[in-house]
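Student: I have a structure open and would like to learn how to read it. Please take me through a few features.

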Amino acid sequence: MSSNFDRHRRLRSSAAMRDLVRETVLHTDDLIYPIFVKEGKEAKTEVSSMPGVFQFPLHELAAEITELTKLGIKAIILFGLPDDKDDVGTGAYHDHGIVQEATRLVKKIAPDMLVIADTCLCEFTDHGHCGVIENGGVKNDASLELLKQTAVSQAKAGADIIAPSNMMDGFVQVIREGLDEAGYQDIPIMSYAVKYASAFYGPFRDAANSAPQFGDRKTYQMDPANRLEALREAKSDEREGADFLIVKPSLSYLDIIRDVRNQTNLPVVAYNVSGEYAMVKAASANGWIDEERIVMEMLTSMKRAGVSLIITYFAKDVALYLKGDA
Ligand code: PBG
């Protein structure tokens, strides 16, 4: 009997056959691991809402970098926790700020490790906003000046990539000008081009002590309901000279990742954020899900949606899964 329907199951008949036709494969090279570095002499502390994620003092950073190198992770993104904060975020652009010092240390002990510096003010301002406050609002252009100084001091400390995340208009252009003027024409910008005002950042704000002390970030981060606006944001950043475009968060925004991918030829990056991590860890701790399979499925879906790279707190777990030692 000859059938006239399609036999899709032919290509699923064995593990080898499935391997042969698989369209999307996750590699350790695709992963960027976020690290929180803190000032002071205290021991590292685990972030309660993010099991397995720590705030590292500089004296414990080397061991972590060695572990990452062994796992084959080639890129990290640094977030800083200063002891002192002020209203203009001085710690962000101080040549001996915590991110600058951590960058110098990592480049000294592991010169091949790519250091991406998150370029923002919210971890360094006492009000917790990502820019300068005037009359109760975040001032765009005054904030740009400080962001430019932050980027230049990070590049000076040895950062390989600058990742501005404060969502001020024009930040890529101003940072590009600043880097070029300071002689860092070859340092790429990985822009948080499409960053939504998302509840998924909750655990990060515990990890980085960066919750806004009044109001919210909705005048600079995007409305989760908007799609066309994401394409406008991505277009501006590309025109201003971004080398990579980040979409953040990732899981609730896979449609946006695909749309951005279809509009650009730049590498697109997913930020698999803190809330996405915390939910999986919590469900897994309760024995409700198979963590490894869930994580691999989530990260594979981001690549399938169109990203080249994923910033993820699961990077070490995934590196172990891929080595087959988890
Ligand atoms: C800084 C910044 C944030 C995140 C990355 N960079 C927090 C925010 O905008 O509130 C969030 C990352 C995460 O949730 O994992 N502006």
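Tutor: We look at a helix pair, then at backbone angles. This is a predicted model, in which local features need pLDDT of at least 70, side-chain atom pairs count only at pLDDT 80 or more, and totals for chains, interfaces and linings use all residues. Residues are numbered from 1 along each chain as its sequence is written, and side-chain values use heavy atoms, with hydrogens and water left out.

Student: At what angle do helix 4 and helix 5 pack?

Tutor: Two packed helices are described by the angle between their axes and the distance between the axes. Here helix 4 (residues 98-109) and helix 5 (residues 140-157) pack at about 25 degrees, with axes 8 Å apart. Helices are DSSP runs (H or I, at least four residues), as strands are (E, at least two), numbered from the N terminus. Axes are lines fitted to C-alpha atoms, over the stretch in contact for helices, and angles run from 0 to 180 degrees between N-to-C directions. The two helices are therefore roughly parallel (angles under 35 degrees).

Student: Which residues of helix 4 and helix 5 make the contact?

Tutor: Helix 4 supplies Val 99, Gln 100, Thr 103 and Arg 104, and helix 5 supplies Thr 150, Ser 153, Gln 154 and Ala 157; contact means heavy atoms within 4.5 Å.

Student: What is the peptide bond from Lys 248 to Pro 249, cis or trans?

Tutor: Most peptide bonds are trans. The bond from Lys 248 to Pro 249 is cis, with omega near -10 degrees. Pro 249 lies in the loop between strand 10 (244-248) and helix 9 (254-263).

Student: Where is Met 167 found?

Tutor: Met 167 sits in the loop between strand 8 (161-164) and helix 6 (171-181). Its phi is near 65 degrees, a positive value in a residue other than glycine.

Terms used. Angles under 35 degrees count as roughly parallel, over 145 as roughly antiparallel, 65 to 115 as roughly perpendicular and the rest as oblique.
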